[in-house]
Amino acid sequence: MNAHTPAPPAPEGLEGVVAARTVLSEVDGQAGRLIIRGRSLDDLIGQTRFEDLVSLLFEGFYEDLPADLTAALGVARSEVFAEVRHLDTDLAAQAPVEAVRALMARLADGDDLPTALRLIAAPAVFTPAVIRVQAGQAPIPPDPASPHAVDILRMLTGTPPSQTQAAGLDAYLVTVADHGLNASTFAARVVASTRAGLTSAVLAGLSALKGPLHGGAPGPVIEMLDGIGQPENARAWIEGALARGERLMGFGHRIYRVRDPRADALKGPVRALAASAGVRPGRVAFAEAVEAAALDILRTHKPDRPLDTNVEFYTALLLEALDFPPKAFTCVFAMGRVAGWLAHAREQLATGRLVRPQSVYVGPEPRQGS
Ligand code: COA
């Protein structure tokens, strides 16, 4: 192969292609393990607040990082709340992720820590505002003195959350904050490499996250559970969906060949929430029965391809128990994953290299004389 001969095309979907070096996270698909900056997810859950995980991800990538980001994030939430006045009737009529994206697009581009903190604050502030406006309620301004997860739930419901609720959301944000070179992180890195700025990179990430094969999956998990209704209907419903060529949301993963460790990380918080007041009795047991039926049927349906539970299955139960409407689940995913996008964007920028792969032209040659 010489300089003019392109390498053979990578597989569709770039499966198995290594497109970045990162110190941020490793997804071990064979062992079912997620490492974030040298810490395993199992160690981080329940031990590390979201603010501290942001610090961990940002270390070495952002200048002037304070030891504790709680106050700085609080200030950033108050700053971005000013944009909520642009949430008019037309915007509120859109899907929550589209309304949140439109509000985020109003934020100025930049490469520094204040820009990054405003981008972390943005989905946390805009999502509760969009949900409330869609329900005919007034948005609630942030309390800059509150921890991030506490404030999100207070802006959603108007009342301070219980300790279990705040811990549940915090554990979720930590669980989804970073996950290797997933589709949205890759999109964010490509845009960052053009030096367009952090806001542009994050908007690219959010646009990729929105798809049902990525961060759009947990809402449809609730539709599946509601469609099944009773545990005894599970097998027939699932077999019917697969016979129609549909995919079961909350199952399968491009990298994991075993159970997604994030599903188990969320089980504890889901059970703690289920045990607390206000959660539909039997909901978790019902979901576990559906999960067991799905795994059993998927083993027969695709005997050569291990398909196991992914993070979205328990995400759906957790966010439902926290009173987020299913149509807004992707926005809550973005509240956590935005931290990863921002760390990856700066890591990509530090390489100084534009991401620009090649394609192989397989179309017709120009006609002679044309
Ligand atoms: N339900 C049913 N069948 C599934 C499936 C699912 N959840 N996930 C994969 N499959 C099937 C595929 O259709 C494919 O079948 P085919 O060979 O007959 O075409 C086969 O299993 C192999 O799929 P694979 O190559 O592993 O899929 P992928 O790597 O492109 O997809 C996902 C990974 C996540 C996109 C896929 O598993 C999926 O769509 N899951 C549901 C959506 C979801 O939960 N997304 C959140 C991910 S965290």
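Predicted model: local features only at pLDDT ≥ 70, side-chain atom pairs only at ≥ 80, totals over all residues.
Which domains does the domain assignment of the chain give? I looked this up before anything else. The assignment gives domain 1 (23-212 + 325-351) and domain 2 (218-321).

**Entry 1: the whole chain**

I started with the overall build. I found 16 helices and 3 strands in the chain. The C-alpha trace spans about 75 × 55 × 45 Å along its principal axes. Then I checked the radius of gyration. A compact globule with 370 residues would have one near 21 Å, and the chain has 21 Å, so the two agree. Buried residues make up 49% of the 370 residues. I also looked at contacts between residues at least 6 apart in sequence, and 76% of them join residues at least 24 apart.

**Entry 2: the two domains**

Back to the domains. I get 25 Å between the C-alpha centres of domain 1 and domain 2. They do touch: 24 residues of domain 1 are in contact with 24 residues of domain 2.

**Entry 3: the largest pocket**

Next I went looking for open space. Rolling a probe the size of a water molecule over the atoms shows where empty space is left. The largest pocket has a volume of about 1,700 Å³. It is lined by 47 residues, and the closest to its centre are Asn-182, Leu-213, His-253, Arg-254 and Ile-255. Strand 1 (25-28), helix 9 (183-193), helix 14 (283-301), helix 15 (311-321) and helix 16 (329-351) are the elements that give two or more residues to this lining.

Which domains does the lining draw on? I found at least three residues from each of domain 1 and domain 2. Sorted by class, the lining of the largest pocket has 21 nonpolar, 15 polar and 11 charged residues.

**Entry 4: the second largest pocket**

I noted a volume of about 620 Å³ for the second largest pocket. Of its 24 lining residues, Leu-14, Val-17, Arg-356, Pro-357 and Gln-358 are the closest to the centre. Helix 9 and helix 16 each supply at least two residues of this lining. By class, I wrote down 16 nonpolar, 4 polar and 4 charged residues for the second largest pocket.

**Entry 5: helix 15**

I wanted a closer look at helix 15. How many of its residues are buried? The tally is 11 of the 11, so helix 15 is largely enclosed by the rest of the structure. Among these buried residues are Glu-312, Phe-313, Tyr-314 and Glu-320. I then checked what they pack against, and got helix 8 (163-176), helix 11 (218-228), helix 13 (261-275), helix 14 and helix 16.

**Entry 6: two single residues**

I picked Asp-151, which is found in helix 7 (residues 148-157). Is Asp-151 buried or exposed? Its relative accessibility is 0%, and buried means under 20%, so Asp-151 counts as buried. Leaving aside neighbours within four places in sequence, I found Asp-151 in contact with Arg-77, Pro-142, Asp-143 and Ser-146.

My other pick was Gly-268, which lies in helix 13. Gly-268 has a relative accessible area of 40%, so I put it down as partly exposed. I also compared its position with that of His-253, one of the residues closest to the centre of the largest pocket. Gly-268 and His-253 are 15 residues apart in sequence, and from C-alpha to C-alpha they are 22 Å apart in space.

How values were computed: Residues numbered from 1 in each chain as written. Heavy atoms only, no water. 1 Å grid on protein atoms, 1.4 Å probe; cavity = no way out; pocket = protein on both sides within 12 Å on 5 of 7 lines; lining within 4 Å. Points joined across faces, edges and corners; volume = space filled by probe spheres on them. Helix = DSSP H or I, 4+ residues; strand = E, 2+ residues; numbered from the N terminus. Nonpolar A, V, L, I, M, F, W, Y, C, P; charged D, E, K, R; others polar. Domains from an automatic or database assignment. Rg over C-alpha atoms; globule rule 2.2 N^0.38 Å. Buried < 20%, exposed > 50% of the residue type's maximum accessible area, 1.4 Å probe, protein only. Contact = heavy atoms within 4.5 Å.
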